[in-house]
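Take a look at the fold below. This report covers its helix packing, its strand pairing and its salt bridges.

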Amino acid sequence: MRSRLQIHIGFIVFISALAAACGREPAIQAKQDSGPISIRATSVGVKKIQRIVESVGTLFPYDEVLISAEVDGRVDRVLVDLGDSVAQGQLLVHISEEEQRYLLSQNEAQLRQSLERLGLSSEKDRVKDIRETPEVRGAQADLFDAEQRHKRIRELVDQGIGTHADLDQAVARFKAAQAAYDASINQTRNLIQEVERFKAAVELQRKKLRDTSVQAPFASYVKERQVTVGQYVRANTPLITLVKVDPIRLRMEIPERMAPWIKNGQVAAVSVEAFGDRIFNGTVWRISPTVDQSKRTFVVEALLQN
């Protein structure tokens with residue numbers, strides 16, 4: 001295929017007459033009575049000069065992507081093949097989701113167990129006051145009971161009725177209840193963090209379940225199918241190659257000396273051997289900032305509607 005980048009440049013052309021003689025130069029004879037000399041005048045005009053840069057280029061798809069598996073599993077459906085046109089979001093390949101569902105159920109069960117310990121019923125619920133959680137409320141009740149018992153026995157001892165042994169026992173129980181209360185606060189904080197960790201694990205597993213359905217990221221055509229039904233694939237196993245061919249790129253190499261003539265937005269007239277004399281118009285949209293030192297050329301890309 002050949003492409004032409006046409007640059008229209010306007011400049012002033014001055015035309016003058018040049019007299020030339022052939023053969024031997026005749027002798028110059030001065031005439032004393034020569035008189036006026038006749039001349040012919042031509043007006044100055046402006047003319048546009050069209051420079052054409054020709055180059056052989058290669059057509060490339062606008063985008064090309066290799067779709068790979070994101071989860072392990074056995075392929076149970078392949079819905080497209082070579083040359084098929086696919087829409088954005090269309091299902092291409094489906095991987096068996098049975099194992100992913102089992103893992104999701106396991107993670108959700110762990111999450112529900114942690115939520116119940118915090119007194120929460122839904123994933124969206126949050127602990128507003130740590131002192132209102134079941135374990136902390138229980139520890140707080142034990143602490144209150146120990147504190148009241150300690151006060152009563154101290155009053156009895158002060159009145160000479162109670163024994164110091166009972167007081168020592170009440171003091172020890174009160175301190176143990178206070179320590180248990182502090183420990184329950186710390187355990188509940190850890191449990192809240194554990195719930196957040198289980199939530200992240202559940203969301204990740206839900207994503208893996210969704211990833212069993214491999215979809216097209218954009219409207220395109222199938223360039224290559226690399227998977228078959230029944231094949232066991234792992235993460236990053238190539239499945240389908242897609243190409244977007246409207247518009248398409250035309251990549252050319254232009255000699256370095258022509259660099260001042262090439263600008264973004266210029267028109268490229270493209271002819272393809274398969275279409276005979278038909279001309280396709282494109283637009284220059286990418287110019288390489290570097291020059292190939294071995295060939296002294298630089299790359300220019302034109303964009304064409306397919």
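Which residues in α1 meet which residues in α3? Gln100, Arg101, Leu103, Leu104, Asn107, Glu108, Gln110, Leu111, Ser114, Leu115 and Arg117 in α1 meet Leu191, Glu194, Val195, Phe198, Lys199, Ala201, Val202, Gln205, Arg206, Lys208 and Leu209 in α3. Contact here means heavy atoms within 4.5 Å. By class, this contact has 10 nonpolar, 5 polar and 7 charged residues. Ala, Val, Leu, Ile, Met, Phe, Trp, Tyr, Cys and Pro count as nonpolar, Asp, Glu, Lys and Arg as charged, and the others, Gly among them, as polar.

This is a predicted model: local features need pLDDT of at least 70, side-chain atom pairs count only at pLDDT 80 or more, and totals for chains, interfaces and linings use all residues. Residues are numbered from 1 along each chain as its sequence is written, and side-chain values use heavy atoms, with hydrogens and water left out.

**Helices.** Helix α1 spans residues 98-117 and helix α3 spans residues 164-210. Helices (H or I, at least four residues) and strands (E, at least two) are DSSP runs, numbered from the N terminus. The axes of α1 and α3 lie 9 Å apart, at an angle of about 160 degrees. Axes are lines fitted to C-alpha atoms, for helices over the stretch in contact, and angles run from 0 to 180 degrees between N-to-C directions. The two helices are therefore roughly antiparallel, a label for angles over 145 degrees.

**Salt bridges.** The structure holds 19 salt bridges (a side-chain nitrogen of Lys or Arg within 4 Å of a carboxyl oxygen of Asp or Glu). One of them joins glutamate 194 and arginine 197, at 3.8 Å, N to O. Both residues lie in α3, 3 residues apart, about one turn of the helix.

**Strands.** Two strands pair if DSSP finds at least two bridges between them. An open sheet has 4 strands in the order β6-β5-β3-β8, with antiparallel pairing. β6 (213-215) and β8 (232-233) stand at the edges with a single partner strand each, so one side of each is left without a neighbour in the sheet.

Strand β9 pairs with β2, β7 and β12.

| Pair | Bridges | Facing residues |
|---|---|---|
| β2 (45-68), β9 (238-255) | 11 | proline 61, isoleucine 248 |
| β7 (220-225), β9 | 4 | tyrosine 221, valine 243 |
| β9, β12 (297-304) | 8 | isoleucine 254, phenylalanine 298 |

Terms used:
Parallel < 35°, antiparallel > 145°, perpendicular 65-115°, else oblique.
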